[in-house]
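Here are a few notes to read with the model open beside you.

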Amino acid sequence: MSRQIKLGAFLPGGGQHIAAWRHPDQPADGATSFEFHKQLAQTAERGLFDAYFLADGLAIPASGVTDGGTAKVAGFEPVTLFSALAPLTNNIGFIATASTTYEEPYNLARKFASLDLISGGRAGWNVVTTATEAAAHNFNLDTQHPHEYRYQRAKEHVEVVKKLWDSFEDDAFLRDKASGQFFDRNKVHDTNHVGKFFKVRGPLNVPRSPQGQPVIVQAGQSESGRALAAATAEVIFTSHQHLETAQTFYRDIKSRARAAGRNPDHVLIMPGVAPFIGRTEEEAKEKYHKLTSLIVEADGIALLNGLAGGGIDLGKFDPDGPLPPLPVTEGMKSRPELIRQIADENNFTIRQLYQWVATARGHFTVVGSAEQVADTLQAWFENEAADGFNVLPPWLPGGLDDFIELVVPILQKRGLFRTQYEGKTLRENLGLPFADNRYSAARNAKVA
C-alpha cells in the first residue's frame with residue numbers, strides 16, 4: 001500500500017474555538033456531556049480517523065475564568081472518559097494527555113495500561129510536562145518547576161513507564177485450572193528502577209494489551225521538547241503556520257530519530273490544522289466570521305495571556321494596538337514564540353491576534369473550500385512537512401461533520417486516505433510496529 005495520511009481528531013466537547021459554545025449548532029453543555037462525546041467518537045470513527053485526541057490541564061485555564069467565562073472552564077479527565085467510550089467503538093484509537101510533572105510513573109502506567117486493555121489495544125499517551133503556574137498551585141508548589149527540570153523529569157518518567165508496561169511478558173498468564181498455575185513467574189519482571197527523580201521497584205499489576213504498549217505521543221517544540229520527542233515519541237503533534245517551517249521541523253525530528261538509532265518511519269509527524277470548510281471559499285469565510293464575531297474581548301485577552309506564558313497582562317494595553325514585547329517565563333517556550341511570529345508576520349493588533357488564534361491557539365487555521373483544504377493537506381503530506389494531521393474542528397459537531405462529509409471523500413478519491421481501517425489496534429492503523437516486550441526480545445535474541 002502506498003503511504004497515506006493519518007488523521008487524529010482533537011475533539012474537546014466544548015469545541016476548539018473559545019467562543020464555540022456560543023455557536024447555535026454547538027451544545028452549550030458539550031464539554032461535560034457524555035452523550036455528546038459518545039456522538040463525537042462514533043462520528044470520528046465513521047470518518048475513519050485514527051484516533052480521538054484530548055488535551056488536558058491540571059488547572060482552570062485563564063481564558064475560562066473571565067467574568068463571562070468559556071466552556072474551557074471544566075471538562076472530563078480524558079482517561080476516565082475514554083474508558084467509557086472505548087466499548088462503544090471498535091477501531092478508533094484514544095490518545096489521552098497526562099503529565100509527567102504531576103503524576104507518578106506507576107499510577108500513570110497503570111491507568112494507561114488499563115485503558116489499553118479495555119479498548120483492545122487502542123490507547124495512546126500524550127506526554128506533557130504541564131507548563132502553568134496555576135497547575136503548580138494545585139500540587140503543593142508556590143511556583144512551577146523550571147523548564148529544563150520538567151523535561152529531565154519527563155525523560156526519566158517515560159523510561160520508567162515503558163519499563164513498567166513490560167512487567168508481564170505477552171504469554172505470562174497461563175490460567176491453567178487443572179494445574180493451578182495462573183502465571184509463569186519467570187515471565188514477570190521487577191522494574192528495579194533507581195534514577196534521579198524516581199525509585200520504582202515494580203512490577204506493574206496490569207498485563208500487556210494486543211498492541212503491546214500504548215502509543216507514545218508528544219507535542220513539544222522547544223529544543224528540550226524536540227530531544228524528548230525524537231528519543232521517545234511515536235507520534236508528534238506540532239504547530240506551524242507555514243509549509244517551510246513545518247518542513248524544517250519534520251526533517252529535524254526525522255534526523256534526530258535516525259541519530260538515536262530509531263526508524264524515522266516509526267516517528268509520525270502530525271501538525272495541528274483547524275479547518276473552516278465550505279462548498280465554496282466564500283461559504284468557508286462566512287463560517288469563520290460568524291464564529292469570530294462571538295468572541296468576548298476579555299476571553300480573547302485571557303487566551304493570549306496564557307499563550308504568552310503567563311508573564312504579562314495584555315488587558316493593560318490598547319487592544320487595537322500592537323502586541324508588546326513578551327517576557328521570558330518558565331512556562332511554555334515555543335508557543336509564545338509562535339504567537340509573536342503570527343503577530344509580526346501579519347501586522348496584527350492584539351484584537352486581530354486573539355481573533356486569529358481563538359480557533360486553535362496557534363495551530364494552522366485554514367479557511368477555504370473542501371478542495372482548497374484537501375490541496376493544502378496534500379501539499380504538506382507530499383513535501384516532507386507531515387505524515388498526517390491532528391484535525392481541530394472549530395466547533396462541534398458541525399466542523400467535524402464538514403471535514404468528514406466534504407474533505408475525506410476528496411482525500412480518498414486521490415488515494416491519500418483509507419477507505420477502511422487496516423486493523424483493530426491503534427498501532428496497526430497508524431502503521432506502527434507491535435511493541436515487543438524487552439525481556440521476550442532478549443530471550444529470543446539469545447536463542448537465535
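Which residue of β13 does lysine 6 stand opposite? Glycine 388. Before the points, a caveat: this is a predicted model, where local features need pLDDT of at least 70, side-chain atom pairs count only at pLDDT 80 or more, and totals for chains, interfaces and linings use all residues. Residues are numbered from 1 along each chain as its sequence is written, and side-chain values use heavy atoms, with hydrogens and water left out.

1. Strand β1 and its neighbours. β1 (residues 6–10) runs parallel to β13 (residues 388–391), with four bridges linking the two. It also pairs in the parallel sense with β2 (residues 51–54), this time over three bridges, and there alanine 9 has tyrosine 52 as its bridge partner. Strands here are DSSP runs of E with at least two residues, helices are runs of H or I with at least four, and both are numbered from the N terminus; a pair needs at least two DSSP bridges.

2. Burial of β1. Five of the five residues of β1 are buried (under 20% relative accessible area; exposed is over 50%, partly exposed in between, with a 1.4 Å probe and protein chains only). Lys6, Gly8 and Phe10 cover one side, Leu7 and Ala9 the other, and all of them are buried.

3. Helix packing. α1 (residues 34–46) meets α2 (residues 78–85) at about 65 degrees, the axes being 10 Å apart. The axes are lines fitted to C-alpha atoms over the stretch in contact, and angles run from 0 to 180 degrees between N-to-C directions. The two helices are therefore roughly perpendicular (65 to 115 degrees; under 35 is roughly parallel, over 145 roughly antiparallel, the rest oblique). On the α1 side the contact is made by Phe34, His37, Lys38 and Ala41, and on the α2 side by Leu81, Ala84 and Leu85, with contact meaning heavy atoms within 4.5 Å.

4. Cis peptides. Another joins leucine 396 to proline 397, with omega about 5 degrees, and proline 397 is in the loop between β13 and α13 (398–413).

5. Positive phi. Arginine 175 is not a glycine, yet its phi is about 50 degrees. Arginine 175 belongs to strand β5 (residues 173–176) and, at 49% relative accessibility, counts as partly exposed. Asparagine 192 also has a positive phi, near 50 degrees; asparagine 192 lies in the loop between β6 (181–183) and β7 (193–194) and is exposed at 54%.
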